[in-house]
Amino acid sequence: MTTKLKNYINGQWVESKGSTYLDVVNPATGQSIAKVPAGSSEDVRDAAVSASEAYKAWRNTPATQRVQYLYKMKQVLEANADELAEICTNECGKTIAESKGEIIRAIENLEVACGIPTLLQSPFSEDIATGVDEFMIRQPLGIGASISPFNFPIMIPFWFMPYAIACGNTYIVKPSEKVPMSMTRIFELFESVNLPKGVLNMVHGGRETVDAILEHPLIPAISFVGSTPVAKHVYQTGTLNGKRVQAQGGAKNAVVVMPDADEDTTVRIIADSAFGCAGQRCLAASVVVTVGSAAEKITQKLILSALSKKTGNGLDSNVEMGPVITKESKERIEKLIQVGIDDGAELLLDGRGIKIAGLEDGFFIGPTILGNVKEESQAYKTEIFGPVLSIINVDTLEEAIELINRNRYGNSACIFTRSGAAARKFRHDTLAGNIGVNIGVAAPMAFFPFSGWKESFFGELHGQSAHAVEFYTQTKVVIERWNEEWSRKF
Ligand code: NAD
């Protein structure tokens, strides 16, 4: 019988109060591997009440004690990384190496959040007037919630949750309904950490659960990661309801290749960026902008590098690229490839229609490259989120930067060059929140904010690092007068 996943509320595994369940499908086989609750507002209410009760004692627990739980979580993730990677690959399709990579990234956020006793320190000004001091303290907000996408089932909730609870908030995690099994297993493993009941809760579901989180009066802070239309909806509805919201959205990341770039390194790194995780990374290279003679230097090499990628089940250690997440996703991506061709792009490598022996029902698309893609084409304007790399040729670095800056997304942009001056101009002038210089996936480490500009982000403070600490705390400024003479009078 297929496993029916449960919510984790107030330290207990409980069935959803909703009656509808969705299939969790292994994208490599097309088979259902579990049932996940479609969600209900009553589940969110129960989790919010549980978190609210737990908050009373948790916010008064010293930060030095709160982080002890995080140290234990790190050990639990490390000790169980192999099992978690397999679960992640089975539900998400990425390779085992990619699944292990995201576990490492999750752990790095726990490590940074363990520094909360220092990160919470605030300024103190003595004698702002005679005998008067002023200082600032950071206090938790109450209950936080994360809503995450399918492409990093393990890592993304850790951009927020460890910081929130280390700061003294209690928390609700809402995994993507497409990939709920990794986080379910993590919550089972975290039971050994013995967090006080209600500090960490998990509610499954899709749209109805998200809308209930956006409306629940006990939840003041929401961290969202997903596509731009949903990020906008979450930001608008959440802020309209008086909540603090950070919403990271979609992307269309360009990589500029200058004529002086080291060809082999550039090609290898771009192919890994474009086709790793089957192109389903929000920092994946999706457009290569070749400047001048860079086009003839790298195009053929890129095709050969893409052709060499072995596509198949991520559990197979020889496989370098897994399937895309769903049948609908595969159809949408294949349609966008055709739109690009119809709009005048040149099909340099076609990954449509590939069959993997023994996995005929899997959602596979091979690496695909479109040359001479038109800026007006939906194939360029839309986030394809699959293993499709577009190439656009321009004459100058200035033109490349202008092209990137006209795009509505601003998650990341990279340049490959040997010139410090070109790299500096690119970093200075490009409108994107994460910049790579001779880097293919400009993913910030946990001690930097995960930036993102334009329609790739709605809000002010990003996930990870000091930004997450600021997001999950509110400042209180205290001005104090203590007069020695008063003491003498007693
Ligand atoms: P998605 O927007 O479909 O879903 C994200 C979350 O929103 C899920 O938990 C889902 O349950 C919920 N949701 C979906 N539709 C909703 C609706 N109509 N109303 C309310 N909630 C809804 O995204 P996805 O397909 O799971 O993930 C891929 C997207 O995430 C891509 O656009 C990718 O670029 C983006 N992403 C962005 C970042 C970043 O840091 N900017 C990181 C990873 C992924």
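**A walk through the model**

E399 is found in helix α14, residues 397–406. Helices and strands here are DSSP runs numbered from the N terminus: a helix is H or I over at least four residues, a strand is E over at least two. This is a predicted model, in which local features need pLDDT of at least 70, side-chain atom pairs count only at pLDDT 80 or more, and totals for chains, interfaces and linings use all residues. Residues are numbered from 1 along each chain as its sequence is written, and side-chain values use heavy atoms, with hydrogens and water left out.

Start with the surface around E399. Its relative accessibility is 33%, which means that E399 counts as partly exposed. Buried means under 20% relative accessible area, exposed means over 50%, and partly exposed lies in between (1.4 Å probe, protein chains only). The areas come from the Shrake-Rupley method with a 1.4 Å probe; for residues, only the protein chains shown count as cover. A patch takes residues with over 30% relative accessible area and no salt bridge; like charges are joined within 9 Å, and nonpolar side chains (Val, Leu, Ile, Met, Phe, Trp, Tyr) within 5 Å.

I128, V477 and I479 form it, with about 280 Å² of accessible area together. I128 sits in strand β5, residues 124–129. At 42% relative accessibility, I128 is partly exposed.

Now the charge pairs. Side chains of opposite charge can pair when their charged atoms come close. A salt bridge is a side-chain nitrogen of Lys or Arg within 4 Å of a carboxyl oxygen of Asp or Glu. How many salt bridges does the structure hold? The count is 25.

Take E102 and K94 among them. Their side chains meet at 2.7 Å, N to O. Are E102 and K94 buried or exposed? Both are buried.

E455 and R408 also form a salt bridge, at 2.9 Å, N to O. This pair links distant parts of the chain, 47 residues apart. E455 is in the loop between β20 (453–454) and β21 (457–458), and R408 is in the loop between α14 and β17 (409–410). Both ends are partly exposed: E455 has a relative accessible area of 21%, R408 one of 41%.

D429 and K425 make a local pair. Their salt bridge spans 2.9 Å, N to O. Both lie in helix α15, residues 420–429, four residues apart, about one turn of the helix. D429 is partly exposed at 27%, and K425 is partly exposed at 28%. Elsewhere, salt bridges that share partners join K17, R45 and D46 into one network.

Next, two strands. Strand β12 (residues 253–257) pairs with β13 in the parallel sense over five bridges. Two strands pair if DSSP finds at least two bridges between them. A254 stands opposite V287 in β13, and V256 has V289 as its bridge partner.

How well are these strands covered? β13 runs over residues 285–291, and seven of its seven residues are buried. In β12, five of five are buried. In a regular strand the side chains alternate between the two faces of the sheet. Both faces of β12 are covered: N253, V255 and V257 are buried on one side, A254 and V256 on the other.

The loop between α10 (263–275) and β13 holds A278. A278 is not a glycine, yet its phi is positive, about 50°. A278 is buried, with a relative accessible area of 1%. N438 also has a positive phi, near 55°, and is a residue other than glycine. N438 is in the loop between β19 (434–437) and β20. At 34% relative accessibility, N438 is partly exposed.

Two C-alpha distances close the tour. E470, in helix α16 (residues 465–471), is partly exposed at 35%. E470 and C167 are 303 residues apart along the chain, with 9.4 Å between their C-alpha atoms. K374 lies in the loop between β15 (368–371) and α13 (378–381) and is partly exposed at 27%. K374 and S16 are 358 residues apart along the chain, and their C-alpha atoms are separated by 48 Å.
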